[in-house]
Amino acid sequence: MAVFRILFGLMMFLSIVRFWGNGWIDKLYLQPKFFFSYFGFEWIKPLGNYTYLIFIICAFSAVFVTIGYKYKIAIITFFLSFTYIELMDKTTYLNHYYFISCLSFLMIFLPASSYFSLDANLNPKKAFQHIPIWTINSIKLLLGIVYFYAGLAKLNSDWLIKAMPLKIWLPSKFDIPLLGNLLSQEWVQYAFSWFGAGYDLAIPLLLLYRKTRTFAFVLVVIFHVLTRVLFPIGMFPYIMIVSTLIFFDAGVHHKIVNLIARVFRIAKHRFDNGHKLVLDNGSLTQLKYMFVVLFFTLQLAVPFRYLGYPGELFWTEEGYRFSWRVMLVEKGGYTQFKIVDGSSGKWFYVDNSDFLTPFQEKQMAFQPDFILEYAHFLRDKFSKDGLQKVEVYVDCQVGLNGRLSKTFIDPKVNLAKEQESFAHKNWILPFEDEIKGI
Amino acid sequence: MVLFISLIWACSSDNGGDIPQPPVDGGGDDPMEDPQEVSFKRDVMLVNWADNIIVPSYEAFSEKMSVLIESFETFKNEANTTNLIAFREAWFSAYVSWQRVSMFEIGPAESADFRFSMNTYPTDTDKIDGHVATTTYDLSLSSNRAAKGFPALDYLINGLGQSDEDIVAKYAAPEKDDLLAYTEAVLADMSSLTAQVISDWKNGYRDTFVANDGASATASVDRFVNDYVFYFEKFLRAGKMGIPLGVFSGSTLPENVEAFYKTDVSNELFLTGLEVVQDFFNGKHFGSTATGESLATYLDDLNTVKDGEDLKQIINSQFDKARELVNTLDEFRTEIETNNPPTDMLLAYDEVQRIVPLLKVDMVSAMSISIDFVDADGD
């Protein structure tokens with residue numbers, strides 16, 4: 001757990017430094033004039049230049065987590081600041097970021113600073129060499145869910161039978177050394193698809209069994225390094241590689257701690273006190289258990305919420321996010337919004353680049369909730385500019401996994417009048433094709 | 001562990017880098033490899049673009065610019081209607097030729113701000129009149145974009161009077177020297193920019209362009225396809241048709257047509273632009289019917305792998321359909337000024353519009369080219 005805490009904090013710190021270093025704070029959270037909110041979280045917006053402050057807070061709390069100083073406050077701060085950042089604009093939604101939020105939420109309830117931490121050093125009463133096994137298993141469970149659900153999501157006809165979207169993505173990586181020329185081979189695309197699905201489904205089990213664990217870890221490294229080389233997925237592969245170390249037993253972890261201790265000249269033996277953390281039976285502990293159980297129940301259930309919506313999930317994206325559906329679709333869209341003054345009948349098209357960054361426009365163009373939110377923004381904007389009874393229509397063409405683009409949103413529906421909700425959006429036109437599978 | 005972390009760092013530092021790699025052999029000794037299935041060669045396409053389309057187009061344009069300057073010299077020496085008409089013809093012919101290079105706003109053209117310098121319209125006649133009156137101006141300033149280039153010449157050649165005699169009279173009036181000097185300055189600016197762009201292409205940029213044949217967001221193909229789609233959407237579709245039609249403003253803006261003072265040429269300028277975009281799509285060599293590796297053959301290549309629809313055909317038919325409808329239109333300015341609403345032109349515009357999603361969604365996603373330069377992570 002200590003190794004996990006240290007590496008997790010370190011990775012988070014590096015991620016934030018990298019994010020900042022790439023100029024993404026400015027580009028993604030300061031430059032846009034408009035931000036796409038999550039339903040129910042409309043009040044969370046970037047704070048102008050103070051946005052940098054949130055990132056600073058987030059980075060510092062990650063450092064505090066690493067060294068294990070004031071761990072409880074640090075991890076809560078980290079969870080809140082990181083999640084705040086993610087909620088500012090859903091354009092930047094990534095499953096990886098959601099994973100970090102989930103993991104840091106879970107870690108609030110775990111005694112991760114009991115060993116080899118500043119907290120334990122300063123307050124021997126809080127130092128424990130042994131902690132309840134369920135705390136470690138809960139992290140394994142979360143990782144297992146991420147992998148397994150990602151694997152389940154790949155069991156569909158586009159992925160397995162058409163090798164989509166890898167068939168589109170891989171050939172464009174022709175300039176990668178050694179592998180480059182192979183990637184345009186059809187059998188390679190199929191092999192990658194099937195191996196990817198198999199890997200995701202099997203890896204939690206392979207990591208759990210002692211006999212296959214080392215082999216599984218080698219697979220983890222190969223798989224994630226490969227995804228890192230092939231796709232622009234930032235720090236995620238490293239975070240996953242590091243996280244899976246949690247599956248190894250205490251012996252391995254002690255070796256790692258020994259190494260860190262030697263490098264930083266920390267007296268490891270101080271922490272090897274043999275004390276066992278026993279959680280009391282108080283109401284606080286009961287509450288803690290309740291939260292963790294509730295958290296996992298939600299984790300298991302939420303990805304299946306798509307079953308409550310009609311239509312093809314990949315097309316409507318109703319219930320798509322927060323479900324570990326990773327790298328499943330090559331989807332692109334084009335939107336042209338038409339504003340009509342209801343009283344005079346005058347109309348004009350909107351130049352999206354007046355209001356959105358290219359990245360926002362790209363993400364908006366194929367996701368119905370973005371389209372609706374933007375339509376409402378346009379309605380309010382032009383009403384303020386003096387237009388009467390503003391109507392908003394969209395001509396939206398979307399292509400999915402190599403299919404020819406087709407009209408995505410009913411062009412006759414006045415989006416100014418449609419409401420956002422968790423109910424099915426009946427103005428999304430049907431997919432008229434079938435993707436079989438889960 | 002330290003080793004592990006340093007390994008991680010080593011890997012992250014190659015982020016988006018375009019480290020040139022030696023070409024990897026296709027490996028005929030690999031029994032699994034089907035020799036038929038050769039992947040598309042982007043470098044061959046880049047060579048075709050540069051050597052058979054871009055550079056020859058620039059050269060042809062440069063020749064037209066020389067003719068234009070010569071005809072101006074003649075007019076300057078003797079301002080009469082015959083010489084005005086010849087000057088105007090040279091202007092028009094250069095303007096048409098411009099449509100063949102306007103699209104290539106990458107590298108030298110981009111750094112020279114070529115497109116905006118040569119063709120920002122509507123032209124700012126107040127500014128031009130002011131410059132002529134004060135005789136102090138610096139045309140290299142970007143604030144003067146709307147006072148130079150072809151649209152300024154349009155005003156100076158076609159817009160100073162009702163008839164040719166009226167226009168010639170301006171060039172015979174007492175302040176004619178300032179007017180001639182301004183016209184000359186506009187031409188000099190255009191011709192020096194053109195010379196600079198061509199020379200940059202020939203001395204280095206062509207090789208840079210062709211050598212950058214990778215697949216990252218900064219590779220030539222990715223960048224140029226972005227520029228290509230952008231040109232079609234913003235300058236051809238919106239600039240030449242949509243904006244004057246008022247589709248972005250709610251009311252028509254006839255003064256925003258290209259070549260406002262010589263309105264019988266706006267359609268031809270648009271149609272040339274459309275033809276150039278389609279020719280480029282099909283990799284057609286400049287001034288010839290020969291074709292080479294192109295976006296179309298690239299799609300063909302990907303489609304054979306993909307078993308998809310024949311996207312090349314779909315895109316070409318849409319180009320043809322758009323051209324067909326635009327061909328039936330009256331002069332753009334007349335369409336816009338006399339019809340309320342200008343239904344025929346709006347219908348033609350719709351067909352032009354339909355090309356955008358085909359390029360911007362279907363084509364780029366088949367090629368796995370990202371349509372913006374955002375380097376954010378994906379998942």
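**View 1. Helix α17 of chain A and its buried residues.** In α17(A), A:P368, A:D369, A:F370, A:I371, A:L372, A:E373, A:Y374, A:A375, A:L378 and A:F382 are buried (20 or more other C-beta atoms within 10 Å of the residue's own; 12 or fewer is exposed, in between is partly exposed, and C-beta atoms are placed from the backbone). This is a predicted model, where local features need pLDDT of at least 70 and side-chain atom pairs count only at pLDDT 80 or more, while totals for chains, interfaces and linings use all residues. Residues are numbered from 1 along each chain as its sequence is written, and chains are lettered from A and ligands numbered from 1 in the order in which they are written. Helices here are DSSP runs (H or I, at least four residues), as are strands (E, at least two), numbered from the N terminus. The cover over the buried part of α17(A) includes α15 (313–316), β1 (331–341), α16 (358–364) and β3 (390–400) of chain A. With 17 residues (368–384), α17(A) reaches 24 Å from first C-alpha to last, close to the 24 Å expected at 1.5 Å a residue (the expected span is 1.5 Å times one less than the number of residues). After α17(A) comes A:G386, with a positive phi near 105 degrees.

**View 2. A:A375 and the nonpolar core.** Leaving aside neighbours within four places in sequence, A:A375 touches A:F337, A:V392, A:V394, A:L415 and A:A416 (contact: C-beta atoms, placed from the backbone, within 7 Å). The largest nonpolar core has 206 residues, and A:A375 is among those with the most contacts inside it, along with A:M11, A:F78, A:I371, A:V392, B:W91 and B:M363. Such a core is a set of buried Ala, Val, Leu, Ile, Met, Phe, Trp, Tyr and Cys residues joined through C-beta atoms within 7 Å.

**View 3. Helices α5 and α14 of chain A.** Ten of the 14 residues of α5(A) (95–108) are buried, so the rest of the structure largely encloses it. Among the buried ones are A:H96, A:F99, A:L103 and A:M107. Their cover includes α4 (71–88), α7 (133–153), α12 (236–243) and α14 of chain A. As for α14(A), zero of its 19 residues are buried, so it lies largely in the open. The end C-alpha atoms of α14(A) (283–301) are 27 Å apart, in agreement with the 27 Å it should span.

**View 4. Helices α10 and α11 of chain A.** α10(A) (186–208) and α11(A) (210–230) pack at about 145 degrees with axes 8 Å apart (axes are lines fitted to C-alpha atoms, for helices over the stretch in contact; angles run from 0 to 180 degrees between N-to-C directions). The crossing is left-handed (the near helix is turned anticlockwise from the far one by less than a right angle; clockwise would be right-handed). From α10(A), A:Y199, A:I203, A:L206 and A:L207 meet residues of α11(A) including A:F215, A:L219 and A:F223. The contact residues split into nine nonpolar, one polar and one charged (nonpolar: Ala, Val, Leu, Ile, Met, Phe, Trp, Tyr, Cys and Pro; charged: Asp, Glu, Lys and Arg; polar: the others, Gly among them).

**View 5. Helices α10 and α15 of chain B.** The axes of α10(B) (220–245) and α15(B) (343–353) come within 11 Å and cross at roughly 145 degrees, in a left-handed crossing. B:R237, B:M241, B:G242 and B:L245 of α10(B) make the contact with B:M345, B:L346, B:Y349, B:V352 and B:Q353 of α15(B). Chain B has 16 helices and zero strands.

Key. Contact = placed C-beta atoms within 7 Å.
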